[in-house]
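Please look over the sequence and the model below before reading on. The briefing that follows is grouped by topic.

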Amino acid sequence: MNIFQALGRHILDLAESLGSVTILLQKTLKWIFRGKPDFRNIFAQMLEIGVRSFPVTSLTALFTGMVLALQTGYSFRKVFNEPLYVGTVVGLSLVKELGPVLTALVVSGRVGAAIAAELGTMNVTEQLDALYTLGTNPVRYLAVPRFMASFLMVPLLTLYADIIGIIGGSFVAIGRLGIPSTVYWNEIQAMQLNECFHGLIKSFIFAVIIVTTACYKGFNCSGGAEGVGRATTSAVVVSMVLILVSDYFMSALLVSIGIG
Amino acid sequence: MIRLQNVHKAFGKNRVLRGVDLEIRDGETLTIMGGSGTGKSVTIKHMVGLLKPDAGQIWVDGLEISNANEARLHQVQMKFGYLFQGAALFDSLTVAENVLFGVRNLRPELMDRAEELVVQKLALVGLKPEVADMKPAELSGGMKKRVGLARAIAYEPSYILYDEPTTGLDPIMSDVINELILGLQKKLGVTGIVVTHDMKSAYKVSNRIAMLYEGRIVADGTPQEIQNSTNPLVKQFITGSAEGPIQMAVRAYE
């Protein structure tokens with residue numbers, strides 16, 4: 001096989017996967033709009049995806065806010081001789097970037113992996129085929145509740161992460177850098193709603209990326225335990241890369257249309 | 001009646017079915033035998049619409065399903081019960097919930113007497129009502145198969161597909177399952193399609209046996225006829241000999 005064949009095969013594989021993911025997404029959306037929502041299942045998934053991700057998201061956000069305040073404070077102290085704009089930098093960085101992106105990364109590691117492993121195991125043990133023969137569409141029964149739960153919970157977690165990060169930043173800014181608390185909180189309050197939307201809009205897209213990638217990898221895995229392992233790893237890796245890459249393009253787009 | 005006409009199916013470069021012609025008559029139990037990887041399971045998955053053929057037609061009670069839409073396939077699904085090789089029970093649900101899963105979707109009118117239905121179907125496969133509240137993880141391999149069977153017959157289908165019903169079970173449990181298959185045919189009058197390479201089981205449960213080799217049906221007859229067949233492929237398979245026209249791929253150890 002020469003280099004062109006290898007390259008061609010990779011491109012074809014990629015195109016095929018992209019096509020299949022799009023079809024899965026389209027089917028999921030079709031069932032969301034056509035089918036009756038299965039509230040019991042959706043709530044169970046919201047608990048798993050949202051509530052159970054809360055501790056790890058909080059911890060990540062808290063320390064991110066703290067380290068942001070610390071680094072900004074000491075860097076600005078070197079340049080300006082005093083820690084200026086700590087509230088502004090912490091607030092904007094969290095709300096526009098770190099809140100949504102870090103939450104999405106944490107959720108993709110925790111929830112994306114779990115979804116891919118669960119659906120993958122169901123796939124290799126023929127439980128997906130069994131669902132079908134028992135009159136249930138696997139996309140409707142498995143993908144739809146996970147999709148809806150992620151779509152609701154990831155932005156909510158992002159909002160939490162923003163708040164907890166800002167609180168974490170305040171501990172360092174006020175307690176360690178000696179910034180008056182009114183200054184810090186005034187800077188936070190000076191942020192515009194637009195800037196919050198910028199991050200929130202992105203988090204909706206991240207939710208779609210995480211859950212669609214994980215469901216796709218789970219539904220399409222083969223080869224027993226090893227296949228499930230591969231599907232899980234690749235669900236996490238692919239969604240993390242997609243989150244980071246799409247983050248840039250979405251930010252550029254949102255800024256250009258005046259959101260954030 | 002189920003009829004497969006010139007069914008072809010390939011997975012990538014692997015051409016699994018290369019023109020399968022097969023007819024399953026109402027009330028009979030047909031066994032499809034053949035070596036591992038010859039496409040036995042693939043064949044029965046086509047009958048319920050789990051797989052769509054690349055070419056050819058599949059008729060179920062006069063309905064052509066290879067190009068059917070979801071609503072039409074739903075009609076066909078109701079007629080089939082499927083016993084999976086590993087039972088494929090849903091781990092997160094109890095035995096009773098598993099048994100009722102298909103009923104809820106396919107025959108909701110039966111849900112009025114759900115509890116009674118669970119007890120009755122479990123009894124049909126020889127399980128006590130106490131099993132109903134257990135999770136699949138607490139069951140043995142043979143019990144799982146029986147629950148899988150109870151789940152498959154719960155909504156009273158007219159066809160039951162058995163994918164290697166005795167694989168992985170000890171000889172006695174295998175025979176228990178064989179008896180169940182025979183019993184269901186007698187008690188419920190269902191049509192059975194069994195996929196197996198367990199010849200003892202095939203002789204016991206079937207009215208007719210078809211042999212699948214290289215993606216086609218190469219022989220078809222009563223168990224008696226198959227046992228006395230002069231076809232070298234059949235002879236080699238039923239005697240289980242490594243010598244003969246069927247050359248299995250030998251793994252590259254030597």
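Is the crossing in which α6(A) passes α7(A) left-handed or right-handed? α6(A) passes α7(A) in a right-handed crossing, where right-handed means that the near helix is turned clockwise from the far one by less than a right angle, and left-handed that it is turned anticlockwise. This is a predicted model, in which local features need pLDDT of at least 70 and side-chain atom pairs count only at pLDDT 80 or more, while totals for chains, interfaces and linings use all residues. Residues are numbered from 1 along each chain as its sequence is written, chains are lettered from A and ligands are numbered from 1, both in the order in which they are written.

**Chain A overall**
- Chain A has nine helices and zero strands, helices being DSSP runs of H or I with at least four residues and strands runs of E with at least two, numbered from the N terminus.
- The C-alpha trace of chain A spans about 70 × 55 × 35 Å along its principal axes.
- Of the 260 residues in chain A, 43% are buried, a term for residues with 20 or more other C-beta atoms within 10 Å of their own, the C-beta atoms being placed from the backbone.

**Packing of α6(A) and α7(A)**
- Helix α6 (residues 138-176) of chain A packs on helix α7 (residues 181-189) of chain A at an angle of about 150 degrees, with the axes 10 Å apart; the axes are lines fitted to C-alpha atoms over the stretch in contact, and angles run from 0 to 180 degrees between N-to-C directions.
- α6(A) is therefore roughly antiparallel to α7(A), a description that applies to angles over 145 degrees.
- The contact is made by I166(A), S170(A), A173(A) and I174(A) of α6(A) together with S181(A), Y184(A) and I188(A) of α7(A), contact meaning that C-beta atoms, placed from the backbone, lie within 7 Å.

**Q45(A)**
- Q45(A) lies in helix α2 (residues 39-49) of chain A and is buried, with 24 other C-beta atoms within 10 Å.
- Leaving aside residues up to four places away in sequence, Q45(A) touches P145(A), R146(A) and A149(A).

- In chain B, an open sheet of four strands has the order β2-β1-β4-β5, with antiparallel pairing, strands being paired if DSSP finds at least two bridges between them.
- The edge strands, each pairing on one side only, are β2 (14-24) and β5 (63-64) of chain B.
- The contact between the chains takes ten residues from chain A and 15 residues from chain B.

Definitions and conventions. Two residues are in contact if their C-beta atoms, placed from the backbone, lie within 7 Å. Angles under 35 degrees count as roughly parallel, over 145 as roughly antiparallel, 65 to 115 as roughly perpendicular and the rest as oblique. A residue is buried if 20 or more other C-beta atoms lie within 10 Å of its own, exposed if 12 or fewer, and partly exposed in between; C-beta atoms are placed from the backbone.
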